[in-house]
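Me: I'm new to this one and would like to learn how to read it. Can you walk me through some features, with the general idea before each case?

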Amino acid sequence: MNILSIIDKYCRDNPKLRDILITHSRQVADKAVNIARRHPELNIDIDFLFDAAMIHDIGIVKTNAPGIECHGSEPYICHGIIGAKICVEEGLPQFANICERHTGAGITAQEVIQQNLPLPVKDYIPETIEEKLICYADKFFSKSHLDQEKTPEQVMDSLQKFGTDTVSRFKILHQLFKSTYSQSRKSS
C-alpha cells in the first residue's frame with residue numbers, strides 16, 4: 001500500500017491541493033509519531049499511525065474550500081465521511097474510522113442534530129488511541145497557514161466556535177498527550 005500514490009490519484013489534476021494535503025498530512029504524521037515515540041506504554045503501531053495520518057484528510061479532495069485549493073461540490077465538514085468512503089473503495093478500510101473521527105475534537109450525534117450538520121446522524125468521536133492521537137495532532141496545523149504550528153491555547157481558541165463540549169474534548173486529549181507537547185514542538 002502506498003498512501004502517496006492514492007493522494008496522487010485523487011490530486012492528479014490539482015498539484016496545489018496535492019502540495020497542501022501532503023504538507024499538512026506530513027506535519028500531522030510527524031507530530032503524532034513524535035508523541036507516540038514518547039509514549040511507548042501506549043504500544044502504538046508507528047507505521048500504521050504514520051500512514052493513517054498521511055491519509056486522514058484525503059476526503060478534502062471532493063469538498064468546496066477554494067481557500068485551500070479544494071474545488072469539489074461537498075461541504076468541507078463532510079471530508080471525514082468522504083475520506084472514509086475513499087479508504088474503503090481503495091482497499092484501506094483500516095483507515096476509514098481515522099478519517100471519520102478526526103474532525104474538530106470529534107463530533108457527537110447530538111451536535112450533528114443541534115448544528116444541522118450535513119452528516120449522517122451518529123457519533124464521530126475518536127475511540128482508539130491512534131484515532132485520538134491523529135485527531136489531537138491535526139488540531140495544531142492549518143491547511144491555510146502551513147508554516148505555523150498552533151499552541152494548545154490557539155487550538156482551544158479556534159475550537160471555541162464549535163462550542164464548549166468540543167473544547168472540553170480537546171482538553172481531554174491534551175491531558176492524555178500534553179507531557180510531550182513541548183518536546184514534540186521543539187523537534188517539529
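Reply: Buried means under 20% relative accessible area, exposed over 50%, and partly exposed in between, using a 1.4 Å probe and protein chains only. Asparagine 43, with a relative accessible area of 67%, is therefore exposed. This is a predicted model, where local features need pLDDT of at least 70 and side-chain atom pairs count only at pLDDT 80 or more, while totals for chains, interfaces and linings use all residues. Residues are numbered from 1 along each chain as its sequence is written, and side-chain values use heavy atoms, with hydrogens and water left out.

Me: Where does asparagine 43 lie, and what is its phi near?

Reply: General idea: most residues other than glycine have a negative phi. Asparagine 43 has a positive one, near 50°, and lies in the loop between H2 and H3. Those labels are DSSP runs numbered from the N terminus: helices are H or I with at least four residues, strands E with at least two. Asparagine 116 also has a positive phi, about 50°. It is found in the loop between helix H6 (109-114) and H7, and at 67% relative accessibility it counts as exposed.

Me: How do I read a nonpolar core, and how many residues has the largest one?

Reply: A nonpolar core is a set of buried Ala, Val, Leu, Ile, Met, Phe, Trp, Tyr and Cys residues joined through side-chain atoms within 4.5 Å. The largest here has 56 residues, and Leu49, Ile58, Leu133 and Phe170 have the most contacts inside it. H2 (15-37) is one of the helices that supply at least two residues each, and the largest share, 10 residues, comes from H2.

Me: Which residues does leucine 133 touch?

Reply: Contact means heavy atoms within 4.5 Å. Leaving out residues up to four places away in sequence, leucine 133 touches Ala32, Ile35, Ala36, Ile44, Leu49 and Phe177. Leu133 is one of the buried residues of H7, a helix that is mostly covered, with eight of its 10 residues buried.

Me: Which residues are buried in H1, and why do they line one face?

Reply: An α-helix has 3.6 residues a turn, so residues three or four places apart point the same way. In H1, the buried ones are Ile3, Ile6, Ile7 and Cys11. Seen down the axis of H1, they fall within an arc of 120° (taken from the directions from the helix axis to the C-beta atoms), so they line one face of the helix. H2 and H3 are among what covers them.

Me: And how do I read aromatic pairs? How many does the structure hold?

Reply: Rings of Phe, Tyr and Trp (its six-membered ring) pair if their centres lie within 6.5 Å; planes under 30 degrees apart count as stacked, over 60 as edge-to-face and the rest as tilted. The structure holds five such pairs. Tyrosine 136 and phenylalanine 177 form a tilted one, 5.3 Å centre to centre with 40° between the planes. It links helix H7 to helix H9, with the two residues 41 apart. Phenylalanine 140 and phenylalanine 170 have ring centres 6.0 Å apart and planes at 55°, so that pair is tilted. Ring pairs link Tyr136, Phe140, Phe170 and Phe177 into a cluster.

Me: What sits over the ring of phenylalanine 140?

Reply: A charge sits over a ring if NZ of Lys or CZ of Arg is within 6 Å of the ring centre and within 35 degrees of the ring normal. Here the charged end of lysine 31 does so, 4.5 Å from the centre of the phenylalanine 140 ring.
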